[in-house]
Each structure stands twice: as C-alpha cells, then as structure tokens.
Amino acid sequence: MASRTIRGARKRRTDTARWVAFSCIHSPEHDQGAVDWLCGVIEEHEPDVLISLGDDLEADGASRWPSEAAYKLIDEYAADDRVKARIAAAAPNAERIRLMGNHCDNIISAGRVNPKLRELCDWRVPQFTHKGVQVNANALRWKVSSTYDFCRRRGVYRLGQVTFGHGWQTNVNAGRDQSVLLGTPYGLFVSGHTHAPEAVTQGRMTGKVPLPYWYANAGCLRNLDPEYMRRNNGFHWGHG
C-alpha cells in the first residue's frame, strides 16, 4: 500500500493506493507459468495501480550480441501485447504504468538499430504487420512514465512514498544505493533489472548503522534458463 496526497479546494487529505509491481518479462522469452501466477496475485489483491518495472521486451533485434533467435521485433511486440492483455484483464479497473528498462530503451536509442529505420521500430507507437494488422494495441494502453536515465525525475515513477525504477546497478549494494540516490527518506524503492528477487530490506551505511531508506527487487517473469546463461551463474535469478 502507498499513500498519496489528494488536494481539494478546502481540505487536504491522504488517501491510499494498492499496487502490484513486476519486472523483466522479456517477451517472447517470458515464462507463461510465472505470468499466470502474477495474474493470480493481482486478482487476489485487486490493486489500484499495476506497474511494469521495464524490460517488457527482449529486444533481440537491438542486441549487440549475435543471436540465433527465430523471432523478429514484430513478434516480440505481438507477444508483449498478449501478455499485457492477460495482466490487464486480472485488474480491469487498475491504472497501468509501464517504466522504461534497458532492453526496451535499446530499440529507440542510438547505436543499436539503424538510425534510418529506428523510428519505424518504436514500440511506443502503433506497430503493424505487413498485412496491416496492429500487434500492440493492448500494450499501448499502458502509460510509459519514465526514461532510462539515472535521474530522480525522468527515470522513476512515484506513488506516494514509494519510488519505482527499472534499476541500473547490479552490484551487491545496488538496492541500497538506488534507494538513497533515487528514492525518498523513509520510503521504499522498488526495482527489477537484476532478475534477483529481494524482499523489503532496510539500507545500511554499515552493519550496525541503518539508513532511513528501504528497497525491494521484483525479480523477473522470463525464462530462467536462456542459452546465453549456459556458462554463467544464474542461481540468483528468480520469478517474483
């Protein structure tokens, strides 16, 4: 739950909002079982706000690394659209917020997609197959509320005392550092990016000196065993 201030003509009161945040779907590399589980959580808690913390798309076509994946960007958009529709149906009256993650940002940033074609690949506008069928109508109903900038204003979404961001750091102090630099005192910073779920934790300056900042990581909803992780340690990855 998060509180947010409602300002009226004569009075000021504090209301509450119930939210569910999730991260790193990486469509079409998502785990359908994890998405179904998420929808069950949403239906149980009936949130007022749904927040995707970013990396909704794998963005394989914008990767700097060679890939043998058979799907194209248009296939990613279609898969993301189906997932977005499934999640939205679990809470049809909820506000839908979508944050920018590094994978989705790759598609629209310099140095990844040919600049002469980049505008045609932008997932933030209607995308169509060669037969004229739109593939991202449901995804466009989610409001994109951030850029992928390490910035307290542009890079995050705030709901009362809770700050949401995709995440930038991957080191052991990532949660603590981001909560201090991007969050608010006595507030919670919620991120994804690392694919490693982490419960609400209070940041500490040292082992015995707590800080007035809390953080949590929503993990991921993607396939946990991709080919590129075959030689890497992925034991910290988890659905959340």
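**Salt bridges, sheet and backbone geometry of the predicted model**

The side chains of Glu227 and Arg230 meet in a salt bridge, with an N to O distance of 3.0 Å, where a salt bridge is a side-chain nitrogen of Lys or Arg within 4 Å of a carboxyl oxygen of Asp or Glu. Glu227 and Arg230 are both exposed, a class that stands for over 50% relative accessible area, whereas buried stands for under 20% and partly exposed for values in between (1.4 Å probe, protein chains only). The structure is a predicted model, in which local features need pLDDT of at least 70 and side-chain atom pairs count only at pLDDT 80 or more, while totals for chains, interfaces and linings use all residues. Residues are numbered from 1 along each chain as its sequence is written, and side-chain values use heavy atoms, with hydrogens and water left out.

In total, the structure holds 12 salt bridges. Side chains of opposite charge can pair when their charged atoms come close. One of the salt bridges joins Asp177 and Arg176, whose side chains meet at 2.9 Å, N to O; here Asp177 is partly exposed at 21% relative accessibility, and Arg176 is likewise partly exposed, at 22%.

A further salt bridge links Asp80 with Lys84, the closest N and O atoms being 2.7 Å apart. Because Asp80 and Lys84 are four residues apart in helix 2 (residues 73-90), about one helical turn separates them; helices (H or I, at least four residues) and strands (E, at least two) are DSSP runs, numbered from the N terminus. Asp80 is buried, with a relative accessible area of 2%, and Lys84 is also buried, with a value of 0%. Asp80 and Lys84 belong, together with Asp56 and Arg98, to a network of salt bridges.

Strand 5 (residues 95-98) pairs with strand 6 in the parallel sense over two bridges.

Particular backbone features occur in the loops. In the loop between strand 3 (19-22) and helix 1 (32-45), where Pro28 is placed, the peptide bond from Ser27 to Pro28 is cis, with omega near 5 degrees. His26 is placed in the loop between strand 3 and helix 1, and its phi is near 55 degrees, a positive value in a residue other than glycine; His26 is buried, with a relative accessible area of 1%. Glu46, which is found in the loop between helix 1 and strand 4 (49-52), has a positive phi of about 50 degrees although it is not a glycine, and at 60% relative accessibility Glu46 counts as exposed.

Methods
Pairing = 2+ DSSP bridges.
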